[in-house]
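This report looks at a cavity lining, a helix and a set of aromatic pairs. The sequence and structure are shown first.

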Amino acid sequence: MYKQRVVIKVGTNVMTNRDNRIVRPILKKLVKQIAELYENDIMAVLVSSGSVIAGMEVIGDCQITDKTIRRQVYSATGQPRMMRLYYNIFRDYGMKCAQVLATKRDFNPGVHRENMINCYEGLMSEGIVPIANEDDAVSVTKSMFSDNDELASLVAELIQADKFIILTDIDGLYTGHPDDEHTEVIENVGVDENVEKYVKEIKKGEAEGRGGMGSKLSIAKQTAAKNIPTFIANGKRDNIILDIVEGKQVGTRIMA
C-alpha cells in the first residue's frame, strides 16, 4: 500500500517554548513534513503529547489538589484543543487527521488489539493520518503507559512500522550533559551497547512529559530489537523527519 510507514512521536518539550506555551509554527513544520512524506507515498502516524499543557492554557490554575485527577482534567480539556490545532493545520496542507486515544489494555492480545489494528489500517488506507495519545481521562495507574514513548513504541509494533522517530528538544543521545563543552551526539547505538552510562536524568515539572532520556533510550532499544530502526532526534530542527527518512546522519540511530 505505502512504500514505508513511519511512527513519529513528538514530545511536549518540542512543541512548547520556555513559558510552557504551545508554539504553532513548530506544529506546522511537523505537519508540513508529514504532508511531504505522504506525497512520496510514505504514511506517518503521529503520537503527540501536549494535551496537558493545552489544558493548562485553557483552565489556568486548577483547584484540584489530587495530582492524578488534576492531570486527567488538564488532559481531557486540552485534548480537543490539540486536535483542533492539528485538524486546522492538516487541512491547510490538504490532509485529514484522526484522533486515536488508547490505554495500555488496548494493546493486550485479543479483540481490543484487533480492533486497534483495524482502526489504524482503515485510517491509513484512506490517507488519514492517525494522531495517537494516551486516553489520560480514563487511564488508571495499572493501565497507564510509562509515557508517550511507550505508547508510540507499541503503535510502531502494531502497524509494523519501517521506522520509529522519537522527537525531543535535543539532538540525540550525548556522551555527557548536552550543555557541557566536550559532549557530542552518539550517532549509532546497538541494542546491546551500554550507553546508559551517558544518560543524565533532568528533573521535570508537572507540565512537561513523563519520559526523560533514560526511558527514551530504553524504549528505543526495545523497539529496535524488534527490527524497527529507531531514531532520537531534535524536533525543532528544520526538516528533521525528512532527513531521517532520506537516510541522512542526524540524531541518534538505534539498531538491532
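In this predicted model, the lining of the second largest cavity draws at least two residues from each of α4 (67-92) and β4 (128-134), and α4 is the element that gives the most, with four residues. The residues that line this cavity are S48, S49, S51, Q79, M82, M83, Y86, I131 and N133. Sorted by class, the lining comprises four nonpolar and five polar residues, with no charged residue among them.

In one of them, the rings of Y86 and F90 have centres 6.4 Å apart, and because their planes stand at 45°, the pair is classed as tilted. Y86 and F90 are four residues apart in helix α4, so about one helical turn separates them. Y86 counts as buried because its relative accessibility is 1%, and F90 is likewise buried, with a relative accessible area of 0%.

A further pair is formed by F107 and F145, whose ring centres lie 5.9 Å apart with planes at 75°, so that this pair is edge-to-face. F107 sits in the loop between β3 (96-102) and α5 (111-125), whereas F145 sits in the loop between β4 and α6 (148-158), and the pair therefore ties together parts that are 38 residues apart in sequence. F107 is buried at a relative accessible area of 5%, and F145 is buried at 1%.

| Pair | Distance between ring centres | Angle between planes | Class |
|---|---|---|---|
| Y86 and F90 | 6.4 Å | 45° | tilted |
| F107 and F145 | 5.9 Å | 75° | edge-to-face |

Helix α2 is treated separately. This helix covers residues 24-39, 16 residues in total, and reaches 23 Å from its first C-alpha to its last, which is close to the 22 Å expected at 1.5 Å a residue. Its buried residues are I26, L27, L30, V31, Q33, I34, A35 and L37, where buried stands for a relative accessible area under 20%. After α2 comes D41, which has a positive phi, near 65°.

Note on methods:
Residues are numbered from 1 along each chain as its sequence is written. This is a predicted model: local features need pLDDT of at least 70, side-chain atom pairs count only at pLDDT 80 or more; totals for chains, interfaces and linings use all residues. Side-chain values use heavy atoms; hydrogens and water are left out. On a 1 Å grid over the protein atoms alone, a cavity is a set of points where a 1.4 Å probe fits but cannot get out, and a pocket is an open set with protein on both sides within 12 Å along at least five of seven lines; lining residues have an atom within 4 Å of a point. Ala, Val, Leu, Ile, Met, Phe, Trp, Tyr, Cys and Pro count as nonpolar, Asp, Glu, Lys and Arg as charged, and the others, Gly among them, as polar. The expected span of a helix is 1.5 Å times one less than its number of residues. Buried means under 20% relative accessible area, exposed over 50%, partly exposed in between (1.4 Å probe, protein chains only). Rings of Phe, Tyr and Trp (its six-membered ring) pair if their centres lie within 6.5 Å; planes under 30 degrees apart count as stacked, over 60 as edge-to-face and the rest as tilted.
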